[in-house]
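Trainee: I would like to learn how to read a new structure. Could you walk me through this one?

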Amino acid sequence: MNKLHMKGRILQLIHDRQHGGIWDWQIADAVMSEYGLSGPYWRGNTRVTLTDLFSSGIIESVEEELDHQAYFGAGRVLFKFRLNDFGRQRMRDTALA
């Protein structure tokens, strides 16, 4: 069975936690586990994809906090995301939802 492209899977993870949102580190952990990836490159790659989705206006940040656990690096900012109306529509348009 073919896996969904990573950006699509990230959107599904955010969609699945729509009411409370999902932290960026939780998304990175889930994607890396599901795709059998490890290391800082893939953790950063997930974060770059989230930045792209945020910049495109598909997801929005609902909460931020400092990265005390060093998921992405001590002192960095962690983001909790959820889909906005445009993001939900784009998922329906692309058959991801």
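Mentor: Let us start with burial. Of the 97 residues of the protein chain, 37% count as buried; buried means under 20% relative accessible area, exposed means over 50%, and partly exposed lies in between (1.4 Å probe, protein chains only). A word on the source: this is a predicted model, in which local features need pLDDT of at least 70 and side-chain atom pairs count only at pLDDT 80 or more, while totals for chains, interfaces and linings use all residues. Residues are numbered from 1 along each chain as its sequence is written, and side-chain values use heavy atoms, with hydrogens and water left out.

Trainee: How many helices and strands does the protein chain have?

Mentor: Helices (H or I, at least four residues) and strands (E, at least two) are DSSP runs, numbered from the N terminus. Here there are four helices and three strands, and from the N terminus on they follow the order α-β-α-α-β-β-α. The radius of gyration is 13 Å, close to the 13 Å that the globule rule gives for 97 residues, so the chain is as compact as a globular protein of that length. That radius is taken over C-alpha atoms, and the rule is 2.2 Å times the number of residues to the power 0.38. Along the principal axes, the C-alpha atoms fill a box of roughly 40 × 30 × 20 Å.

Trainee: Which elements do the buried residues of α1 pack against?

Mentor: First, the residues themselves: in helix α1 (residues 6-16), M6, G8, R9, I10, L11, L13 and I14 are buried. They pack against β1 (22-23), α2, α3 (40-55), β2, β3 and α4 (85-93); contact means heavy atoms within 4.5 Å. Across the protein chain, 57% of the contacts with a separation of 6 or more are between residues 24 or more positions apart.

Trainee: Now the rings. How many aromatic pairs does the structure hold?

Mentor: A pair of aromatic rings is described by the distance of the centres and the angle of the planes. Rings of Phe, Tyr and Trp (its six-membered ring) pair if their centres lie within 6.5 Å; planes under 30 degrees apart count as stacked, over 60 as edge-to-face and the rest as tilted. The structure has four such pairs. One of them joins W25 and Y71, stacked at 4.3 Å centre to centre with 5° between the planes. This pair links distant parts of the chain, 46 residues apart: W25 sits in helix α2 (residues 24-35), and Y71 in the loop between β2 (59-66) and β3 (77-83). Y71 is partly exposed, at 27% relative accessibility. Another stacked pair is F79 with F81, at 5.9 Å centre to centre and 25° between the planes.

Trainee: What lies over the face of F72?

Mentor: A charge sits over a ring if NZ of Lys or CZ of Arg is within 6 Å of the ring centre and within 35 degrees of the ring normal. R43 lies over the face of F72 at 5.7 Å from the ring centre, and R47 lies over that face too, at 4.5 Å. R43 belongs to helix α3 and is buried, at 19% relative accessibility. Leaving aside neighbours within four places in sequence, R43 is in contact with W25, A28, D29, M32, Y71 and F72.

Trainee: Which atoms lie close to the polar side chain of N84?

Mentor: A polar contact is a pair of N or O atoms within 3.5 Å; within protein, one must be able to donate a hydrogen and the other to accept it, and residues adjacent in sequence count only if both atoms are side-chain atoms. The backbone oxygen of G57 is 2.7 Å from a polar atom of the N84 side chain, and the backbone nitrogen of F86 is 3.1 Å from one. N84 lies in the loop between β3 and α4 and is buried, with a relative accessible area of 15%.

Trainee: What is the phi of A70?

Mentor: Most residues other than glycine have a negative phi. A70 has a positive phi of about 65°; this residue is in the loop between β2 and β3 and is partly exposed at 45%. A95 also has a positive phi, near 60°; A95 is in the segment after α4 and is exposed at 65%.
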